[in-house]
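Dear colleague,

Please find the structure below, handed over for your records. The findings follow directly after it.

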There are 4 protein chains.
Amino acid sequence: MPSPKTGLWLIGARGGVATTAAVGLAAVRRGLTRPTALVTELPMFAGCGLTGWPDLVLGGHDIRQAPAAETAEALAASNAIDRDLVDATLPDLDRYDGEVRPGVLHRSGSTIEGLADEGFSIAADSPRGQIEQVKRDLRDFQARHKLERVVVMLVASTEPATPTELLPERWREFDATLENHSTCLARASTLYAIAALELAQPFINFTPSLGSDCPALRELATERGAVHMGRDGKTGETLLKSVLAPMFARRNLEVMSWVGHNIFGNMDGQVLDDPVNKAAKVRSKDHLLGEILGYDPQTLVSIEYIRSLGDWKTAWDHVHFRGFLGTPMTLQLTWQGCDSALAAPLVLDLARLAARSAERGESGELTHLASFFKSPQGGPTADFVKQYDLLESWAAGASL
Amino acid sequence: MPSPKTGLWLIGARGGVATTAAVGLAAVRRGLTRPTALVTELPMFAGCGLTGWPDLVLGGHDIRQAPAAETAEALAASNAIDRDLVDATLPDLDRYDGEVRPGVLHRSGSTIEGLADEGFSIAADSPRGQIEQVKRDLRDFQARHKLERVVVMLVASTEPATPTELLPERWREFDATLENHSTCLARASTLYAIAALELAQPFINFTPSLGSDCPALRELATERGAVHMGRDGKTGETLLKSVLAPMFARRNLEVMSWVGHNIFGNMDGQVLDDPVNKAAKVRSKDHLLGEILGYDPQTLVSIEYIRSLGDWKTAWDHVHFRGFLGTPMTLQLTWQGCDSALAAPLVLDLARLAARSAERGESGELTHLASFFKSPQGGPTADFVKQYDLLESWAAGASL
Amino acid sequence: MPSPKTGLWLIGARGGVATTAAVGLAAVRRGLTRPTALVTELPMFAGCGLTGWPDLVLGGHDIRQAPAAETAEALAASNAIDRDLVDATLPDLDRYDGEVRPGVLHRSGSTIEGLADEGFSIAADSPRGQIEQVKRDLRDFQARHKLERVVVMLVASTEPATPTELLPERWREFDATLENHSTCLARASTLYAIAALELAQPFINFTPSLGSDCPALRELATERGAVHMGRDGKTGETLLKSVLAPMFARRNLEVMSWVGHNIFGNMDGQVLDDPVNKAAKVRSKDHLLGEILGYDPQTLVSIEYIRSLGDWKTAWDHVHFRGFLGTPMTLQLTWQGCDSALAAPLVLDLARLAARSAERGESGELTHLASFFKSPQGGPTADFVKQYDLLESWAAGASL
Amino acid sequence: MPSPKTGLWLIGARGGVATTAAVGLAAVRRGLTRPTALVTELPMFAGCGLTGWPDLVLGGHDIRQAPAAETAEALAASNAIDRDLVDATLPDLDRYDGEVRPGVLHRSGSTIEGLADEGFSIAADSPRGQIEQVKRDLRDFQARHKLERVVVMLVASTEPATPTELLPERWREFDATLENHSTCLARASTLYAIAALELAQPFINFTPSLGSDCPALRELATERGAVHMGRDGKTGETLLKSVLAPMFARRNLEVMSWVGHNIFGNMDGQVLDDPVNKAAKVRSKDHLLGEILGYDPQTLVSIEYIRSLGDWKTAWDHVHFRGFLGTPMTLQLTWQGCDSALAAPLVLDLARLAARSAERGESGELTHLASFFKSPQGGPTADFVKQYDLLESWAAGASL
């Protein structure tokens with residue numbers, strides 16, 4: 001049985017994560033690589049009727065014009081992707097670039113706005129006007145490729161934190177603020193989410209930005225019967241935390257402090273070098289210990305932009321804990337991972353999973369996808385294994 | 001309702017683990033310390049009717065005469081136990097020392113035999129004779145303190161590996177070999193197990209030595225309706241492995257190699273400095289990756305005796321794994337834990353849990369205790385969280 | 001030949017460094033410890049005529065009243081000093097406490113001022129009045145113990161950075177500002193330096209605070225023929241940097257970035273948790289790479305206060321460098337040291353060395369002591385080994 | 001002034017180090033890379049009249065036939081050399097391959113002999129016969145390229161340790177053993193050294209194998225006026241040790257134990273996986289602490305072959321030391337370096353330096369090159385900086 005044709009529309013289409021996803025999808029399709037790191041290639045998903053790789057079509061928005069091939073070149077130069085794979089998939093990347101449209105800037109902060117290419121963003125009198133243009137882009141994409149549905153996936157740089165306490169809680173009132181740039185306090189990530197949800201298309205937020213994570217958009221999603229989920233892909237240090245913190249809890253060891261220091265040098269890092277953007281990110285990485293342990297050890301998460309590291313993220317974690325009779329002990333971790341190569345397969349996984357959920361008629365927040373996120377919407381457990389159990393149950397239920 | 005009075009008989013009674021358990025039990029009873037690191041103090045065990053700390057009585061065997069207080073002193077000197085706690089519990093340690101009897105030497109290897117004090121071991125014409133003396137010691141202990149039951153717990157130094165392929169598989173034939181020192185290929189750890197099981201007392205093996213982990217003793221345990229479990233307490237590096245390896249599996253990341261280098265300087269380390277003893281230990285630490293991952297990455301576990309570290313074990317792990325598109329990445333861990341302080345609370349937990357299982361009429365291998373062991377008998381999963389799920393289910397079932 | 005009797009006057013007398021120095025001096029004198037970590041106990045100083053340990057007398061200023069024994073107790077509790085040594089030297093600590101006088105607060109910043117005990121600081125109409133009281137305290141101490149000289153050593157918490165560009169460059173003009181609290185922009189560390197230098201006593205600044213490191217005080221020192229030196233004792237991470245950076249230079253390896261993350265939890269850390277105090281510290285740790293390498297790699301030094309660590313400082317350094325053909329490589333360091341135990345022996349060394357320099361008639365900045373400091377005054381090389389060569393030459397010259 | 005044309009004859013010509021040297025020399029000559037990691041490109045050598053890169057001609061011996069380009073390809077695949085550099089220098093590598101001749105196998109051990117290609121080694125009735133063929137190869141090379149001199153450099157895999165106590169101490173008697181394979185206990189590395197020294201050409205041993213490091217060959221070198229030096233290039237972990245151990249000594253900190261664990265996966269590692277080869281290597285890495293510190297802390301150096309790491313060597317060092325008042329502290333290092341890229345530039349440096357020494361009429365062991373070696377011949381200091389001082393003095397003296 002052929003799988004339904006599915007679009008994956010990447011917001012931040014020319015960034016490292018989206019480009020790696022594009023190279024990777026092409027390499028998988030061409031049989032140039034094994035499906036390592038793709039969760040949905042594990043046996044438990046075999047009978048779930050997920051979109052086949054040949055039936056996934058990519059497009060997206062960006063605010064920069066430099067082609068994805070340039071990003072891919074830079075990733076190869078920093079050993080994040082094998083150069084041979086980049087060379088072999090250049091035609092696919094070019095085709096992908098042809099599907100990229102100018103994106104939305106709205107309260108995106110001066111650092112992100114500084115990255116935008118002159119004239120390469122949606123000009124409109126109001127946020128509502130921007131949303132309508134995004135919707136036109138999505139409908140055109142869907143029609144052009146005869147797609148059953150289009151998953152909208154946010155993989156753009158982290159925005160400054162949105163002042164959620166000032167956003168209207170009901171969709172009707174929220175909607176009214178969109179008529180005017182000055183009355184709309186939501187940022188671009190949320191405008192994209194509105195566009196997707198109003199079209200009843202799946203929306204997935206792989207970043208710490210707000211996206212659909214507020215009452216008004218939850219209401220909108222429910223009303224339209226759309227699925228959505230976020231926030232902030234769990235790729236490295238936080239993944240380890242959500243696996244190791246439960247170990248301390250299960251052994252009744254007392255975590256006294258947990259310090260995490262992250263250094264990396266890609267564009268994401270450059271954006272986080274701006275304190276207003278960083279604040280949003282740090283918050284997303286730092287809340288789960290209390291949830292898992294049931295008490296609040298001293299925690300500290302720092303993120304620093306170190307140019308020379310390029311796409312390689314190094315995280316050093318120092319866990320100070322107390323054992324029997326109060327004896328203090330230490331666990332240190334050093335994680336050296338390539339950010340894009342960690343994120344990209346999850347993006348492809350989420351596209352397949354969200355599309356299948358939509359096909360099955362689910363709606364609202366997809367809490368069974370919690371294991372993919374640092375701050376999963378819908379408030380499920382912070383314990384990675386318990387989150388993964390939800391995914392396993394879903395897979396069992398979705399099997400044909 | 002008062003809990004039943006339970007004995008905990010420690011083989012290796014004057015070693016670091018047993019001594020820390022003795023200090024710890026006394027400190028908990030006297031209210032000098034919080035119950036950190038005691039798994040059985042977690043809320044889920046509250047209604048399970050476990051032996052209360054005041055109802056647990058300690059005794060044991062050893063082959064050395066230096067009092068436990070000396071061991072405690074050395075542990076305090078290396079900052080493994082707070083000196084104030086040692087000082088405050090000296091009377092308890094003295095009483096405990098009065099309950100220690102000369103132990104069994106039988107094919108224990110020259111390194112362990114070299115540690116024994118002249119004349120401080122059970123002299124007998126045959127292994128059967130040694131077993132009968134152990135049984136007398138256990139019965140005396142039980143009678144002296146009016147104990148419902150006595151959990152026999154092996155925390156002695158690691159023996160050389162037993163040639164299991166040469167042991168009779170049926171208990172009747174095995175039993176026959178015990179009449180003669182030369183025909184009995186089992187080592188001391190197994191003789192202790194026989195003594196316990198013949199008395200239908202619980203036997204727990206916290207070491208990599210063979211103990212009860214062979215077909216003949218499984219038959220004996222079933223026949224007598226006794227509970228038993230082992231091997232090798234999971235306290236540090238292997239605990240981390242059994243938590244982290246499933247993470248790699250769940251994310252479909254390919255582990256290429258996993259190197260673990262352990263250094264420490266206590267008596268356990270000194271014994272492992274002998275290659276014949278070390279072989280048994282390394283095997284116990286190194287099998288679980290294949291079980292969890294479903295393929296066999298290159299693994300290497302080394303253990304080295306570094307005097308200056310005393311009871312502090314430092315483990316460095318280097319995990320080399322492949323992510324999306326084959327990109328190689330690295331996770332390094334450094335674990336600095338105090339061996340005795342990690343092991344001792346689990347020993348106290350296991351005593352309570354095994355006693356309660358016996359009281360409930362369970363028999364055979366206690367596979368729900370798998371999360372406590374590096375090489376759990378009865379062959380359950382190697383995934384720590386799945387092992388822990390078994391414990392949670394048991395706790396739910398055992399609640400009164 | 002008996003050595004001259006020398007005073008060591010510690011500013012910050014009841015802090016961790018001073019207290020460890022006091023315990024240590026007493027322990028060395030009583031023969032309770034080996035002279036580990038005392039540089040001046042190396043053979044090359046044997047014939048230099050340094051003050052013998054029995055001839056060194058301690059006193060000092062502080063702004064807190066809690067006795068040094070309390071600090072010592074806390075250090076023992078965090079395993080920074082062996083408890084037995086603290087117990088054995090309590091009488092010496094009590095005697096020392098009797099020699100501590102209320103200290104100076106002047107533009108010390110709100111965090112330090114918040115630590116001061118009510119009424120336990122020198123009240124005076126002007127900085128000049130405070131200086132004169134310090135001088136009286138020093139003269140009384142010298143007379144009371146019949147001391148040849150008194151080395152004044154700053155080991156207090158780090159002040160906010162002094163706006164040196166606003167300080168008069170000539171001593172005469174600087175002196176004039178001292179008549180009035182509002183006209184004097186110098187902070188307490190500099191007032192102490194003035195007191196010492198006006199008495200022609202040696203002044204050593206073991207902290208990042210300004211102390212005597214400005215043109216006007218250099219002029220004062222020269223005029224009075226006094227010796228002085230600073231700043232910021234080189235005890236851990238920076239020591240490693242000043243040893244390793246020259247290695248990269250000598251091998252023509254290109255350092256691309258050097259990230260240092262420091263965590264610790266003592267009072268020094270608490271003071272540095274205030275951004276104004278931290279800025280002064282970070283600057284002191286971060287300038288030497290450019291000096292040694294001849295180019296400026298990206299550097300980042302962060303310092304964070306983590307309560308649970310107490311006096312134990314953990315520093316993680318990540319050095320990213322380029323080798324032949326541009327291949328990027330990495331060196332990571334983790335340093336786990338006890339801050340007070342690293343600093344205290346150098347404080348005792350510096351007291352002996354400065355006293356001997358004064359006795360020999362040297363004056364001005366003691367650049368041959370550069371190896372002891374992160375930011376050595378007088379601008380000598382930043383390469384530790386070259387700095388140490390200066391010390392070796394001095395020792396050869398000072399031999400009797 | 002044109003520099004004299006110099007040959008560099010690499011024993012192990014198709015291995016990782018030699019191949020990287022060949023790629024690197026070509027890349028430097030073609031202006032494709034900066035001279036990072038080449039010590040002789042530091043300013044202090046500017047006036048020393050070293051051979052210019054265009055005047056250095058490469059050739060060598062090997063026992064394997066696979067072309068150097070294959071090795072280069074593998075190094076690029078493991079990110080040890082940039083693929084673009086390999087592609088750009090393929091013509092140079094081909095030319096280099098044309099200068100490689102079959103090498104010597106003699107008591108090389110079964111692991112090395114197992115790597116040899118059938119028929120691709122010098123067949124001769126005696127070691128003397130093998131030596132004469134090597135000499136013919138060297139003379140042909142010299143004549144073919146009109147070279148002033150040919151530096152013979154050993155970069156082959158580590159041989160089993162030679163039983164030096166059985167070798168004749170006088171050259172005349174040693175020479176006599178060469179007539180017969182069975183009487184000659186020296187191994188191939190020493191036969192190469194004899195060939196070079198008999199031709200009065202410089203011989204440099206970059207490996208732990210014996211080479212010229214025995215009394216008889218010292219006598220031969222002196223007699224012929226030849227220069228020679230070795231053993232075992234100091235590229236990574238030992239470099240760090242020779243820099244850091246003096247720091248502990250200078251600060252009078254007591255090193256209690258120093259553990260080094262090395263993992264890597266190139267052919268060198270494969271050879272060292274054989275215990276007889278490993279023993280020679282470990283000895284070379286492990287002697288210097290005692291020399292630097294003046295006492296012998298417990299040390300442990302382990303080296304393990306981990307396939308997945310390829311040419312990347314990861315070394316973890318754990319230094320346990322005692323500070324003031326006996327407080328134990330820890331320094332840990334993780335070094336992640338590319339073995340070939342660390343060694344190759346030193347090989348090129350040594351070729352230039354040895355050639356210039358020969359030109360200046362020096363003879364015997366070149367102790368001023370000690371900083372390049374783990375076990376420098378001629379017994380100079382083990383302190384890296386003091387070794388480097390010797391090199392600086394030589395450079396000053398050699399300036400024109």
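C:Arg128 is buried, with a relative accessible area of 13%; buried stands for under 20%, exposed for over 50% and partly exposed for the range in between, with a 1.4 Å probe and protein chains only. Please note that this is a predicted model, in which local features need pLDDT of at least 70, side-chain atom pairs count only at pLDDT 80 or more, and totals for chains, interfaces and linings use all residues. Residues are numbered from 1 along each chain as its sequence is written, chains are lettered from A and ligands numbered from 1 in the order in which they are written, and side-chain values use heavy atoms, without hydrogens and water.

The side chain of C:Arg128 forms a salt bridge with that of C:Glu132, at 2.8 Å from N to O. The term denotes a side-chain nitrogen of Lys or Arg within 4 Å of a carboxyl oxygen of Asp or Glu. Both residues belong to helix H6 of chain C and are 4 residues apart, about one turn of the helix; helices (H or I, at least four residues) and strands (E, at least two) are DSSP runs numbered from the N terminus. In chain A, salt bridges with shared partners connect A:Arg128, A:Glu132, A:Lys135, A:Asp175 and A:Glu198 into one network. C:Glu132 is partly exposed, at a relative accessible area of 24%.

**Helix packing in chain C**

The axes of H6(C), residues 127-145, and H8(C), residues 188-198, come within 9 Å and cross at roughly 50 degrees. The helices are therefore oblique to each other, a class that remains once angles under 35 degrees (roughly parallel), over 145 (roughly antiparallel) and 65 to 115 (roughly perpendicular) are set aside. Axes are lines fitted to C-alpha atoms, for helices over the stretch in contact, with angles from 0 to 180 degrees between N-to-C directions. Among the residues of H6(C) that meet H8(C) are C:Arg128 and C:Glu132, contact being heavy atoms within 4.5 Å. The residues of this contact comprise 9 nonpolar, 1 polar and 4 charged.

**Salt bridges elsewhere**

Over all chains, the structure holds 92 salt bridges. In one of chain B, the closest N and O atoms of B:Arg218 and B:Glu365 are 3.2 Å apart. B:Arg218 is partly exposed, with a relative accessible area of 30%.

Technical notes: Ala, Val, Leu, Ile, Met, Phe, Trp, Tyr, Cys and Pro count as nonpolar, Asp, Glu, Lys and Arg as charged, and the others, Gly among them, as polar.
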